[in-house]
Amino acid sequence: MNVIVANEAKSMLSELDIDIIKSVDGVHTADELVDMFKNFFYARMILDITAIENYNDITNLQKISMGLDADKIILVLPNNEISTSSSYLSKIISMGIYNFTTNLDGVKYFLEHPNTYKDVAHIQQLNDLSTTINAKVVAGSRIIGIKNITDHAGSTTLIYLLKKELEQTYGMSVTAIEVNRHDFLYFNDRNMVSVNDQDLMTEVVKHKDAAIILIDLNDSNNEGVCGDVLYLIEPSIIKLNKMMRRNRRVLEELKGKKIILNKSLLSNSDIMDFEYEGKTKVFYSIPPLNDRAKNPALATFLGKLGIVQNKDNKSDGKIFGLFKRN
């Protein structure tokens with residue numbers, strides 16, 4: 001029998017088809033939760049971290065891990081850059097909590113296949129290397145991840161075009177890295193390399209002299225490596241419908257992140273409708289690009305990202321300047 005403690009993830013966890021001996025909703029202090037369950041027998045506790053009062057203070061999670069059996073806890077985390085970063089996860093692992101996820105599939109998996117330290121040790125190693133990465137970001141280098149949300153949204157080609165634009169127009173040193181794939185091979189560019197998840201951080205450190213590192217995250221969830229992540233959506237009807245069929249919460253999960261409409265032929269009015277219906281904000285809209293010609297949209301896009309400065313950055317509502325926001 002299992003225990004569920006839920007708050008923001010309540011709706012998602014309600015879809016679990018498991019035996020539940022006790023379910024608790026709302027926000028509680030760490031001490032209250034420990035008192036509630038320290039003498040209570042259960043097989044697994046599915047704990048929505050947002051149900052812990054002031055959960056951003058890591059000491060409250062320490063109280064949970066010390067007062068309850070950490071091996072029995074499956075921690076449900078909000079899908080944001082802080083809680084999925086290697087630094088944050090490393091702290092959770094140090095407390096003896098090895099099962100953590102942001103989605104329902106992860107919860108289901110850990111119910112049947114709980115992690116041991118061996119399964120998560122690489123995350124702590126990742127955190128050690130990330131100190132070097134953070135130093136690069138502070139020093140002015142940019143590490144940007146690009147990830148498709150709809151199928152074939154164009155991350156690989158966009159990275160190639162951005163790299164070419166930055167090198168040829170602005171004279172910047174750029175390295176591109178793809179994770180768990182080998183599509184870069186076809187661009188015949190020695191500064192476009194392919195690695196697996198395990199070697200990603202090591203590869204990033206190798207290119208410490210690059211001004212910009214672009215990472216294709218299509219087959220990777222290693223977003224914590226990046227200082228910034230762009231999420232690509234191709235806004236055709238069929239692609240959007242497929243995206244929503246797969247995960248109806250996808251736009252909610254992307255709230256506050258940089259959503260890019262790529263290969264987009266939507267009008268300004270269409271884009272505003274998309275934002276309204278999806279209850280989200282679009283960071284930028286990129287039209288279909290010609291990989292054999294100069295693309296003015298890229299210069300404006302790079303200006304919006306703050307990588308370069310050009311006169312188009314001051315656009316007050318023309319085509320590509322529509323989504324200028326603070």
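Which residue stands opposite glycine 145? Valine 229 in strand E10 is the answer, and I'll get back to that pair in a minute.

Hi everyone. First, a quick word on what we're looking at. This is a predicted model, where local features need pLDDT of at least 70, side-chain atom pairs count only at pLDDT 80 or more, and totals for chains, interfaces and linings use all residues. Residues are numbered from 1 along each chain as its sequence is written, and side-chain values use heavy atoms, with hydrogens and water left out.

So, the overview. The protein has 12 helices and 12 strands; these are DSSP runs numbered from the N terminus, helices being H or I with at least four residues and strands being E with at least two. Of its 326 residues, 50% are buried. Buried here means under 20% relative accessible area, with exposed being over 50% and partly exposed in between, using a 1.4 Å probe and protein chains only.

Now back to our opening pair. E6 and E10 run parallel and are joined by five bridges. They belong to an open sheet of seven strands, in the order E8-E7-E9-E6-E10-E11-E12, with parallel pairing. Two strands pair if DSSP finds at least two bridges between them. At the edges sit E8 and E12, each pairing on one side only.

Next up, helix H7, residues 155-170. H7 has 16 residues and spans 21 Å from first C-alpha to last, close to the 22 Å expected at 1.5 Å a residue. That expected span is 1.5 Å times one less than the number of residues. Quite a few residues of H7 are buried, including Leu158, Leu161, Leu162 and Glu165. What do the buried residues of H7 pack against? Among their partners are strands E6, E7 and E10, plus helix H12.

H7 and H12 pack at an angle of about 85°, and their axes are 10 Å apart. (Axes are lines fitted to C-alpha atoms, for helices over the stretch in contact, and angles run from 0 to 180 degrees between N-to-C directions.) So H7 is roughly perpendicular to H12; that label covers 65 to 115 degrees, while under 35 is roughly parallel, over 145 roughly antiparallel and the rest oblique. On the H7 side, the contact (heavy atoms within 4.5 Å) includes Leu158, Leu161 and Tyr170, and H12 brings in Leu298, Ala299, Phe301 and Leu302.

Moving on to strand E3, residues 44-48. Is E3 mostly covered or uncovered? Mostly covered: five of its five residues are buried. Arg44, Ile46 and Asp48 are on one side, Met45 and Leu47 on the other, and all are buried. E3 runs parallel to E1, joined by four bridges, and isoleucine 4 stands opposite isoleucine 46 in E3. Four bridges also join E3 to E4, again running parallel, with aspartate 48 opposite valine 76 in E4.

Last stop: threonine 101, in strand E5. Its relative accessibility is 10%, so threonine 101 counts as buried. Leaving aside neighbours within four places in sequence, threonine 101 contacts Leu75, Val76, Leu77, Gly106, Val107 and Phe110. Threonine 101 and leucine 75 are 26 residues apart along the chain, yet their C-alpha atoms are separated by 6.4 Å. And across the protein, of the contacts between residues at least 6 apart in sequence, 65% join residues at least 24 apart.

That's my tour, thanks!
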